[in-house]
Amino acid sequence: MSEGLDLWIVGAGPAGLGLAEACCARGLRVGLLDPEPEHSWVPNYGLWRDDAESLGVADFFGHRWERALVELEAGPRLLDRGYGLLDGDALQRAWLGRCREAGARILAGRLAAIEHDDEGAALRLESGELERAKLVVDATGHGSPFVALEDGPAPGYQVAWGELWAIDALPEAFAGGRTMGFMDWRAVTDEAHEAGEDALPPTFLYALPVAEDRLFVEETVLVARPPQGRRPGDWLEPLEDRLRRRLAQQGVDQALRGGAPLAVERCVIPMGGPLPRGDQLTLAFGGAAAMVHPATGYMLTAALRRRAPVAERIAEEVGAWAGPGAPSQRIWRSIWPDERVRAWRLYTFGMDVLARLDRPGIDRFFAEFFALGDERWREFVSASASTPALMGTMLRYFSAAPWSIQRRLGAALVGSEGRRLLAGFRGLRG
């Protein structure tokens with residue numbers, strides 16, 4: 001049994017371990033629980049380079065690109081913004097090392113239950129062990145059974161099928177390795193696509209040239225809700241097929257070596273679902289706290305941006321500890337400040353519109369979006385804009401968008417999406 005810990009963090013992914021490192025840096029006595037605390041992080045984590053620099057993780061990039069390419073039916077658009085792919089193993093080693101140096105207790109185990117009393121929290125493990133601390137933070141990811149959510153609609157989903165290939169020569173757009181493919185929304189046209197046999201929502205290609213002879217490609221549903229009776233995971237096999245057809249259409253398949261990918265990545269990410277309630281004693285961070293950007297699917301930037309202020313608030317509450325009730329509510333307000341809640345509601349409104357667009361509609365959407373100006377689209381995709389700035393960006397987009405997009409946005413604003421948006425502007429519920 002743990003004695004004298006200030007908090008347990010459950011989950012050692014980037015969100016949980018990052019918060020643990022920030023808490024250790026502030027002198028807190030931290031426990032970190034995960035079935036495999038040192039297991040490599042499976043997904044690839046990409047960030048804009050300016051965000052990574054401001055958040056202190058740019059030194060952990062394994063790959064860097066000077067610019068990003070967006071391909072639309074109207075033609076290509078080069079984004080003059082650097083992008084990078086994290087070396088997850090290096091960042092994980094660094095954070096674990098700092099936690100150990102600070103005396104953190106790192107425990108391999110599975111959580112069975114959380115109990116709260118006047119002194120704090122008790123974690124009951126599947127092994128039967130009981131661990132205690134003043135506070136507990138759930139960072140186990142989406143769908144945690146230990147985190148209560150507000151009422152709200154079902155989430156949308158981002159679903160992706162990615163493959164790493166050995167390649168004879170990179171496609172011309174990526175030659176030299178200085179450009180990455182952020183989004184390729186061009187249609188995949190063949191008989192199966194025209195007949196609608198793959199039953200997929202609109203998809204785009206994400207491409208990372210990670211070496212002169214290595215190319216990572218990922219076919220992605222940006223955001224959609226599966227039809228009745230279907231699950232988002234049902235899109236994975238059609239995504240694999242559409243990826244192969246896209247590569248063949250672009251002639252890339254002729255350069256692939258070995259007949260099979262070197263590695264495969266599958267992602268199913270809930271987006272824009274209900275936020276956690278702010279009146280519960282169990283705290284949450286990362287995916288368990290619904291931090292995924294509702295319109296892009298990115299989460300790591302938000303977790304990195306919030307880990308320091310959340311750790312600071314936890315340290316303040318532990319330093320003046322009188323019991324778990326009011327401190328937990330104040331910590332929730334640092335996890336989800338009212339300003340971020342309002343912005344999240346706006347992003348979710350945008351997500352609901354995107355989820356209803358067909359491929360030509362999404363293509364037109366992004367043609368206008370990237371024409372807004374660098375500062376506006378950069379703040380939007382990084383989730384760094386203030387609420388007034390974000391509303392200004394959305395109004396400017398609305399005024400410039402074609403009538404077909406304006407009509408959809410207007411219908412959403414006066415419909416259930418708009419009512420949820422206005423009702424949720426007061427901050428976390430509970």
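Two strands are said to pair if DSSP finds at least two bridges between them, and the strands themselves are DSSP runs (E, at least two residues), just as helices are runs of H or I with at least four residues, all numbered from the N terminus. With that in hand, let's look at this predicted model, where local features need pLDDT of at least 70, side-chain atom pairs count only at pLDDT 80 or more, and totals for chains, interfaces and linings use all residues. Residues are numbered from 1 along each chain as its sequence is written, and side-chain values use heavy atoms, leaving out hydrogens and water.

In S2, valine 30 is the bridge partner of leucine 7. Both strands belong to an open sheet of five, ordered S8-S2-S1-S12-S18, with parallel pairing. Its edges are S8 (105–108) and S18 (283–284), each pairing on one side only.

| Strands | Sense | Bridges |
|---|---|---|
| S1 (residues 7–10) and S2 (residues 30–34) | parallel | four bridges |
| S10 (residues 120–125) and S11 | antiparallel | four bridges |

S10 and S11 make a hairpin with four residues between them, and glycine 128 in the turn has a positive phi of about 100°. Leucine 123 stands opposite glutamate 131 in S11.

Finally, visit helix H9 (residues 359–369), where you will find arginine 359. Arginine 359 counts as buried because its relative accessibility is 18%; buried means under 20% relative accessible area, exposed over 50%, and partly exposed in between (1.4 Å probe, protein chains only). Leaving aside residues up to four places away in sequence, arginine 359 touches Glu73, Trp185, Arg186, Ala187 and Pro202, a contact being heavy atoms within 4.5 Å.
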